[in-house]
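Please walk through the pockets of the model shown here, beginning with the elements that line them.

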Amino acid sequence: MTHCAPALGHVLESVLYTRDMASARTFFETVMGLTPFRADERFTSYPTGNTMLLLFQQGLTEETVHLPNDMGTIPPHDGTGRTHLGLAIAQDDLPAWEAHLAAHDIDIEGRSHWPGNSESLYFRDPDGHLLELVTPGLWPNY
């Protein structure tokens with residue numbers, strides 16, 4: 001008998017691991033304009049539309065976390081290397097983002113023009129993660 005998986009909703013959390021939490025927070029709050037929801041020495045969470053961007057300090061997530069008040073546990077996880085994260089922006093905001101990145105001396109490393117009139121700008125955060133700002137039309141759900 002074949003079983004079909006129950007339906008999934010959207011991706012709720014995306015994670016980047018950082019070597020320097022203070023630098024990462026400065027970048028995501030100053031350059032990217034995000035406001036932290038929760039933060040401690042181990043992580044910072046930022047609302048981004050209907051998802052959360054989580055920054056974790058490398059090396060501080062390798063042990064099980066026991067949550068207070070018998071709320072449960074979070075199993076160990078960690079990541080290294082440069083990863084990729086795409087962030088949705090409105091088509092009309094693309095020139096403002098280009099100017100904003102230039103004002104913060106952030107180099108645009110790449111630019112793509114996709115079918116469906118979608119455009120992407122690529123740049124790096126302080127940990128070398130590749131960030132992409134992408135306008136509507138790239139994917140069927142955006």
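**Pockets and their linings**

The largest share of the lining of the largest pocket, 5 residues, is supplied by E7, where strands (E, at least two residues) are DSSP runs numbered from the N terminus. The model is predicted, so that local features need pLDDT of at least 70 and side-chain atom pairs count only at pLDDT 80 or more, while totals for chains, interfaces and linings use all residues. Residues are numbered from 1 along each chain as its sequence is written, and side-chain values use heavy atoms, with hydrogens and water left out.

A pocket is, on a 1 Å grid over the protein atoms alone, an open set of points where a 1.4 Å probe fits, with protein on both sides within 12 Å along at least five of seven lines, and its lining residues have an atom within 4 Å of a point. The largest pocket holds about 780 Å³ of space, a volume being the space filled by probe spheres set on the points, which are joined across faces, edges and corners. Of its 26 lining residues, Thr-51, Gly-86, Leu-87, Ala-88 and Val-134 are the closest to its centre. At least two lining residues each come from strand E4 (51-57), strand E7 (84-88) and strand E10 (130-134).

The second largest pocket has a volume of about 320 Å³, and its lining includes Glu-13, Arg-38, Phe-43, Met-52 and His-77. Strand E3 (43-48) and E4 are the elements that give two or more residues to this lining, and E4 gives the most, with 3 residues.

Technical notes
Helix = DSSP H or I, 4+ residues; strand = E, 2+ residues; numbered from the N terminus.
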